[in-house]
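Open the model in your viewer and keep the selection panel at hand. We will go stop by stop.

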Amino acid sequence: MAYKRNVDRLPIIPPDAKEHVAMCHFCIVGCGYKVYTWDANREGGTAPSENIFGVDLSKQQPADSPAWYAPSMYNIVKQNGRDVHIVIKPDPDCVVNKGLGSIRGARLGELSYSTITGTQTKRLTDPMVWRYGQMQPTSWDDALDLVARVTVRVIKEYGEDGLFVSAFDHGGAGGGYENTWGTGKLYFGAMKVRNIRIHNRPAYNSEVHASRDMGVGELNNAYEDAELADTIVAIGTNALETQTNYFLAHWVPNLRGETLEKKKQLLPDEPHEPGRIIIVDPRRTVTVNACEVEAGKDRVLHLAINSGTDLVLFNALLTYIADKGWIDREFIEKYTVGFETPPGEAPMFPARPGGTFDEPRWPGFNEVLAANRTSIEEAAQICGVPAEDIVKAAHWIAEPKGGKRRRTMFGYEKGVIWGNDNYRTIGSIVNLALATGNIGREGGGCVRLGGHQEGYVRPSDAHVGRPAPYVDQLLISGKGGVHHIWGCDHYKTTLNAHEFKRVYKRRTDMVKDAMNSVPYGDREAMVDAIMAAIRMGGLFAVDVDIVPTKIGQHCHVWLPAATQGEMNLTSMNGERRMRITQRYMDPPGQAMPDCLIAARLANHMERVLREMGDHEYADRFKGFDWKTEEDAFMDGYHKHAHGGEFVTYERLIAMGTNGFQEPAQGIDANGRIIGTPRLYADGRFSTPDGKARFMITQWRGLQAPGKEEQKRRYRFLINNGRANAVWQSWYYDVDNRLVMDRWPYPFLEMNPEDMKELGLQAGDIVEVYNDAGATQAMVYPTPTAKRNETFMLFAAPRGVMGNVVNDGVNELVIPNYKQTWANIRKIADAPADVRRISFKSKEYRSA
Amino acid sequence: MKRCRLMVEVGRRQFLRGTAVTAAGAAAVATMAGAAKPTRAAGAIAYPGKKLANIRDLQVNVPFDVAYPDDDAPGVLLKMGHAVDGGVGPDGDIVGFSTICPHKGFPLHYVAEDRTFNCPGHYSRFDAEKGGLQIWGQATMNLPQYELHVDENGDIWATGVDELLYGRLSNVLG
């Protein structure tokens with residue numbers, strides 16, 4: 001039986017319920033939510049005067065009603081120690097989501113910690129330490145003293161390179177400006193830690209170096225641009241599932257022609273039509289289907305290219321469009337490096353053919369075009385799509401409309417970011433966007449579509465260097481003595497995960513055995529024993545998180561963090577829209593905001609260093625006397641972010657779920673923050689001279705080491721990615737009934753003919769294996785899948801796709817998850833929890 | 001937003017249509033006065049027992065419009081032709097579902113070919129053969145399914161719903 005809650009009614013929100021501003025925790029879109037709380041011992045009524053909506057709730061409410069909430073939006077939580085009802089429902093007045101809630105965000109209520117209803121009771125409530133052979137609760141001072149002493153001893157013996165850090169760098173829950181500043185000030189301010197990596201990649205680096213090197217910040221447009229574009233080019237993104245309400249509230253209206261009036265009003269001097277869309281993706285996704293449903297098949301072009309060949313496609317489009325004379329010559333002349341290559345140009349350009357870090361050079365457009373020149377026929381052959389479709393794409397992107405420049409928005413995400421030759425591929429997309437004059441203008445933009453929200457403010461990371469250290473490989477090779485982990489779970493979300501876990505367990509077990517050999521209360525003996533194990537190759541691991549994690553199983557200290565809503569937290573979304581989520585409930589037990597955990601750790605390290613007599617080093621840990629997350633915000637964002645001086649909690653709260661778009665420009669007469677809808681609207685790009693760069697992006701096949709050989713040796717492409725029901729929410733969803741009933745194991749989409757050849761039935765558990773490792777998945781018959789090309793759900797707890805991703809990265813240590821090949825064999829028939837689920841197509845069918 | 005508004009309108013019309021259907025249904029129940037009406041055992045709220053159809057009314061894989069627990073809550077009965085989750089009747093194959101999408105309240109349409117309910121609002125899909133499991137979509141619940149009983153005359157009675165219906169904070173209004 002499908003999971004049902006058997007909830008027949010919900011408490012009604014009374015008119016005097018408290019209202020709080022909130023954003024969804026999970027993805028980049030940052031949908032606006034309203035949070036209502038009121039005392040647990042009362043509720044409103046159905047009469048209009050008795051409920052917050054002012055409507056008669058004894059009547060059926062219509063579709064799209066603001067006066068309804070689902071059981072998943074409801075809970076009973078603690079607020080300042082009292083039990084309160086809570087409803088977390090999408091905000092109809094938020095310009096981002098316009099009242100829409102996704103299957104993730106609309107569950108924020110039931111994903112809250114509640115000792116009354118029993119939801120998320122797995123949350124960490126107390127600091128835990130390895131004591132007498134298991135994890136046991138302890139006080140903050142005890143846990144932080146142990147962490148500080150071991151960390152200081154490691155630094156004394158090995159220098160700051162002996163301290164390894166894995167840390168979030170994003171916004172939303174598990175991040176945000178307060179917490180990136182707290183951790184950043186500790187590791188990049190007080191210390192200069194080099195061996196640091198980010199939650200989803202094995203180094204401290206940008207996912208989009210190429211765009212930044214070209215002077216194009218990757219979140220440069222406004223969500224409204226998707227409503228104004230003549231053509232949207234969606235590359236390696238499945239926006240319906242992973243930017244759901246951006247797609248539904250902004251892309252779909254354009255495809256339906258519902259934004260025509262807005263186009264005519266805002267852009268009156270040119271002809272307009274309903275939007276078209278080009279989707280570059282080896283796989284047919286639900287996004288492709290939804291676009292066909294809305295726009296009609298004749299206005300949707302799905303280029304199902306061979307995996308990893310995006311760069312060739314974009315070079316060919318650039319060539320064709322330039323040869324047709326459809327480039328924006330004025331834009332190139334005025335706002336970029338220009339047509340001719342200037343002598344002796346500046347910054348780093350590591351992926352230029354033959355280029356090195358010492359020999360940077362930025363060519364003009366003519367040289368780039370000559371170097372990148374690719375014929376349509378050549379692209380058709382390499383990319384595996386019909387030549388006429390590439391030509392059609394070029395027309396949709398750049399053919400002038402009634403003598404006017406066509407407006408095209410380019411949006412890309414993990415299909416290319418975690419794909420072959422990241423640097424050049426993204427460069428090839430930015431080349432085309434610049435050449436067609438589509439950055440900084442309405443209906444344009446060349447943007448990543450994003451994963452998490454953003455929320456980055458830290459002291460300079462320049463000391464980390466470029467390429468940044470490949471942290472996973474260093475850990476595997478035995479480097480490092482202590483590892484601080486902040487909201488990351490590499491066991492689920494790294495590459496070469498099989499090998500990483502094997503070595504990590506061995507190294508941390510050495511320390512556990514050492515800790516078992518001395519009484520816990522003898523701190524000096526304990527630290528000595530830990531240090532002895534570290535000298536033998538052991539690793540002491542500290543996990544700061546809100547929930548127990550897979551990597552946490554092998555850590556020695558767990559520090560319980562508060563999450564968004566249990567603390568005030570600020571972030572920005574994919575159009576740089578900054579908002580605050582107010583604290584609306586208590587954190588579990590003794591849990592604290594990450595920024596304050598970082599501050600208290602700094603306090604303890606300062607104390608330990610003073611005890612050792614090292615006052616000079618201890619002095620560097622001053623400045624962590626924050627009492628609240630707002631203190632961290634004022635010390636960090638307010639003082640250090642571009643435009644931060646205009647931004648305070650009070651102003652953000654007043655601006656509600658719509659906030660403002662960063663950077664802040666000032667304050668208007670009403671005290672509201674003035675934002676920046678689009679970057680580069682003035683034509684000044686993020687380079688020293690303000691001119692955008694073009695990049696030579698020549699094809700070099702599968703770039704990452706080991707990929708070509710893997711492709712030759714193994715039959716199936718194991719393409720991989722996310723799914724609608726669980727996206728940036730696995731850490732909660734691992735015990736959410738709705739989600740786990742649907743996806744008890746990661747699905748592996750597979751062509752039925754391939755299944756027949758391997759003797760597989762729907763739901764069979766298979767092993768996916770190659771030279772890097774092995775993992776498991778549940779077969780999902782998918783007639784639209786190409787032969788020998790599968791798609792596996794990424795980051796699932798019961799089958800980690802990263803196990804079969806080899807350690808090959810690009811020259812800037814960007815992982816390549818997408819181009820993975822493996823063999824597949826049956827392990828078992830569908831287990832009971834799989835037999836009851838549906839294996840029907842995910843694609844909507846019209847009446 | 002033209003299409004969106006249209007959907008809302010369709011939603012309203014669907015609700016109205018539901019009203020008409022159940023008006024007829026209510027009349028049928030009235031003529032049954034005196035017969036033992038199954039009612040749900042102790043629960044959070046008291047659902048009305050309501051006769052929705054007779055098994056003779058159903059053809060395999062053809063939705064039969066009903067409304068439950070009241071006129072404003074449209075749904076369907078389906079005879080699947082083989083035993084399914086929550087199925088009743090001699091073959092364990094009769095199921096009933098709400099046809100209002102639990103995401104945003106748009107009316108679902110039934111696709112007989114693959115036995116799914118589909119929502120034109122945001123593309124959610126529910127499997128009629130798997131207890132209304134959401135195959136894909138934005139709803140945070142699977143499709144509300146009726147608790148059904150078949151009496152000795154072959155009359156199909158609804159006595160409860162297993163999820164909160166869209167657009168109401170109590171499944172039984174009042």
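This tour of a predicted model visits a helix in chain A and then strands in chain B.

**Stop 1: helix 22, chain A.** Select residues 629-640. The helix has 12 residues and reaches 16 Å from first C-alpha to last, close to the 16 Å expected at 1.5 Å a residue. Now colour its buried residues: A:Glu629, A:Ala632, A:Phe633, A:Asp635, A:Gly636 and A:Tyr637. In an α-helix, residues three or four places apart point the same way, because there are 3.6 residues a turn.

What do the buried residues of helix 22 of chain A pack against? Show three helices of chain A: helix 2 (177-190), helix 20 (594-611) and helix 23 (649-655).

**Stop 2: an open sheet, chain B.** Three strands run in the order 2-3-4, with antiparallel pairing. Strand 2 (64-67) and strand 4 (94-98) are the edges, each pairing on one side only. Neighbouring strands are turned by 30° against each other on average, direction ignored. Select strand 3 (74-79): five bridges join it to strand 4. Here B:Leu77 stands opposite B:Gly96.

**Stop 3: strand 10, chain B.** Select residues 155-161. Seven of the seven are buried, so the strand is largely enclosed by the rest of the structure. Strand 1 (50-54) pairs antiparallel with strand 10 over four bridges, and B:Asn54 stands opposite B:Asp155. Strand 9 (146-150) also pairs antiparallel with strand 10, over five bridges. There, B:Glu147 has B:Gly160 as its bridge partner.

Finish in the hairpin of strands 9 and 10, with four residues between the strands. Pick B:Gly154, which takes a positive phi near 85°.

Methods:
Residues numbered from 1 in each chain as written. Chains lettered and ligands numbered in written order. Predicted model: local features only at pLDDT ≥ 70, side-chain atom pairs only at ≥ 80, totals over all residues. Heavy atoms only, no water. Helix = DSSP H or I, 4+ residues; strand = E, 2+ residues; numbered from the N terminus. Expected span 1.5 Å × (residues − 1). Buried < 20%, exposed > 50% of the residue type's maximum accessible area, 1.4 Å probe, protein only. Contact = heavy atoms within 4.5 Å. Pairing = 2+ DSSP bridges. Axes fitted to C-alpha atoms, helices over the stretch in contact; angles between N-to-C directions.
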